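Load the model and keep the selection panel open. The stops below follow one after another.

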Amino acid sequence: MSKFYITTPIYYVNARPHIGHAYTTIACDTVARRQRMLGADTFFLTGTDEHGQKIERAAQAAGKTPQQYADEISAEFRKLWQRMGISNDDYIRTTEPRHKKRVQELFRRIRDNGYIYKGTYTGQYCVSDELYVDGAQPGDPCPTCGRVTETVHEENYFFKLSAFQDKLLALYANPDFIRPETRRNEVISFVRSGLRDLSISRSTFSWGIPVPDDPRHVIYVWLDALANYITAIGFGSSHAGAQEAFKKYWPADVHMIGKEIVRFHCVYWPAFLMAAGLPLPKAIIAHGWLLFEESKMSKSRGNIVRTETILDVLGADALRYFLLREVVFGQDGSFSFDALVQRYNSDLANGIGNLASRTLTMINRYFKGEVPYPSHAESEKPAHGVVRDKARMVIAECSQAFTDYQFSSALESIWIRLISTVDRYIVENEPWTLGEKQDDESRSRLATVLYTSAEALRIATALAHPVIPDATARIWEQLGLGDIKKFNLNTLTWGQLPQGTKLGEVSPVFPRADKSAIERMQQMEEQQRGPAVEESPTSAAPAAPAPATAAPPAATPAAATNHEGKITIDDFAKIDLRVGLVKVAERVPKSDKLLRLEIDIGTEVRQVLAGIAEAYAPETLVGRKVVIVANLAPRKMRGLESNGMIVAASLEGGKPVLASFLEDVPVGARLK
Ligand SMILES: [Zn+2]
């Protein structure tokens with residue numbers, strides 16, 4: 001029996017799960033389900049990445065311990081995958097003891113093999129990406145996310161990445177190791193330009209796995225996170241069972257990732273493994289990003305589409321089908337509620353759903369719910385042969401497309417080549433007219449048409465099962481075939497539907513969605529976004545909703561009624577922005593972040609609470625002019641009422657910076 005080991009990236013717990021995470025997970029789940037149907041001993045791993053400075057800071061901002069913070073978000077991911085019926089075999093958390101011990105073992109092996117040394121690092125670091133930015137100057141932006149880098153100066157452990165340049169280039173000579181081609185080329189040119197040794201420990205914060213024998217340091221979060229792929233299946237364990245599992249499943253057949261983490265997976269990870277003397281994964285497949293309604297997502301906006309909304313209204317199969325059909329895997333793709341509902345109706349409700357319900361209903365009506373016996377002579381006629389030939393072709397095409405991770409081509413093949421051919425075939429042969437006639441020829445034609453349609457439906461159902469597992473399992477039962485999970489996809493050929501099979505109970509699998517489905521989803525998302533988070537009144541983007549390092553970001557427009565994230569001048573005019581003068585500023589007791597300000601806005605003096613205490617000492621603010629949103633509804637924080645909001649630039653992982661003017665402006669002046 002062959003084995004197949006596939007992984008998602010482990011998701012960084014700085015953000016709640018959104019459809020970007022769901023996209024990666026759905027793709028992996030589809031591959032895992034298909035491999036199981038092909039008879040492979042499949043292991044599908046996902047989990048959460050929970051260490052690092054960013055989590056430590058986010059937890060602090062939320063008034064929680066890092067562990068509490070990680071527990072909550074990790075549980076949300078797990079709950080979502082369960083609700084979606086994701087078929088992962090394990091769920092690893094990097095804060096689990098099994099992982100920590102085994103990461104230390106990996107560190108030890110790399111060190112014992114001579115690839116780790118102690119040195120001093122002075123340079124720029126992007127906390128958001130947990131990335132060392134070589135060659136950057138203080139104040140330079142991160143080349144990946146554009147956020148301001150922070151200067152770090154530390155004694156660190158270094159990994160001799162430079163020793164692996166040639167070995168990595170030799171590895172990339174295999175064109176299947178990194179896919180798609182564009183990503184492979186990027187990695188090759190990055191490695192060719194020269195590799196510098198990598199700092200793999202931090203000592204300025206403590207939320208991480210201690211370096212073995214030197215617990216003042218914690219292990220670099222990416223070494224910690226990447227190691228999950230081996231720790232989860234038993235690397236470094238002393239248990240015989242775990243060792244056996246590791247031997248059986250490693251190396252991974254596929255690490256599936258988003259394109260933003262290609263470097264970590266294609267450069268650092270194989271180098272760590274080589275240094276530890278371990279086999280390398282067989283392939284790393286990078287997908288593109290999900291954009292929202294064509295517009296580039298905005299990380300700082302923090303407005304993201306939640307998966308739950310789509311599950312509530314259309315179900316998991318609808319989302320799975322849409323993402324894999326609509327987006328060419330490897331390229332960026334676009335998500336919108338309109339497109340989702342349109343796809344759902346055209347391909348699922350009117351496509352496979354309608355094919356199933358009309359075929360099965362006619363078998364019920366004309367053949368008492370038993371799959372008819374097609375006439376041999378009739379079957380040989382070209383009218384029916386067309387469907388059979390298409391089905392054979394689609395089985396082959398689909399197999400190739402899935403093997404190449406071209407999900408959209410596979411689905412296109414099933415839907416455009418097979419399902420639409422059967423639809424046309426049914427229309428042309430009018431079984432409902434044949435059903436009204438009693439002569440032998442009409443009966444045998446009717447039997448052949450319905451058998452052919454049902455057989456094509458069976459084949460489409462088997463092929464589509466990994467993508468839309470729920471609906472296809474139900475169609476399979478309605479066809480009278482029992483549990484689809486027991487079907488071996490390798491054996492799929494035309495003509496296996498047993499004649500005389502008693503159908504199961506027929507019911508629609510994809511009821512049509514009307515326009516209100518779109519509105520409902522938009523409203524649910526809007527309600528979710530709700531008011532700004534307490535403690536961060538100055539910032540439109542509180543600490544939490546930044547995208548995970550390990551997942552593709554997604555974004556939504558600011559309001560459901562607009563188009564492509566734009567507002568009208570009238571919308572903007574609703575916001576009353578005014579110049580105010582700070583008269584009083586003081587700390588709010590028991591809060592690290594909040595200041596209480598009294599601000600003169602010309603017509604009155606307002607009490608405003610602002611989450612800027614970490615960036616501004618109260619005494620530096622008195623007499624300073626600021627911009628305030630004057631018509632914001634009052635909010636209570638820590639028992640105090642805040643009447644308005646101060647405008648500040650929000651820097652990820654950095655401190656807020658108040659908006660101000662170079663020229664002098666009178667108090668109360670309106671900004672427009
Ligand atoms: Zn960055």
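Why is helix H12 (residues 316–326) largely enclosed by the rest of the structure? Select it: 10 of the 11 residues of H12 are buried, so the rest of the structure largely encloses this helix. Buried means under 20% relative accessible area, exposed over 50%, and partly exposed in between (1.4 Å probe, protein chains only). Helices (H or I, at least four residues) and strands (E, at least two) are DSSP runs, numbered from the N terminus. The buried residues in H12 are Ala316, Asp317, Ala318, Leu319, Arg320, Tyr321, Phe322, Leu323, Leu324 and Arg325.

Residues are numbered from 1 along each chain as its sequence is written. This is a predicted model, in which local features need pLDDT of at least 70, side-chain atom pairs count only at pLDDT 80 or more, and totals for chains, interfaces and linings use all residues; side-chain values use heavy atoms, with hydrogens and water left out.

Next, select Arg179 and Pro180. The peptide bond between them is cis, with omega near -5°. Pro180 sits in the loop between strand S8 (178–179) and helix H6 (181–192).

Move on to Trp250 and Pro251, which are joined by a cis peptide bond with omega about 5°. Here the loop holding Pro251 runs between helix H9 (240–249) and strand S13 (254–258).

Now select Tyr405, a non-glycine residue with a positive phi of about 60°. Its loop lies between helix H15 (382–403) and helix H16 (407–429). Is Tyr405 buried or exposed? Tyr405 is buried, at a relative accessible area of 7%.

The last stop is Lys590, in the loop between strand S17 (577–587) and strand S18 (595–600). Lys590 is not a glycine, yet has a positive phi of about 65°. With a relative accessible area of 82%, Lys590 is exposed.
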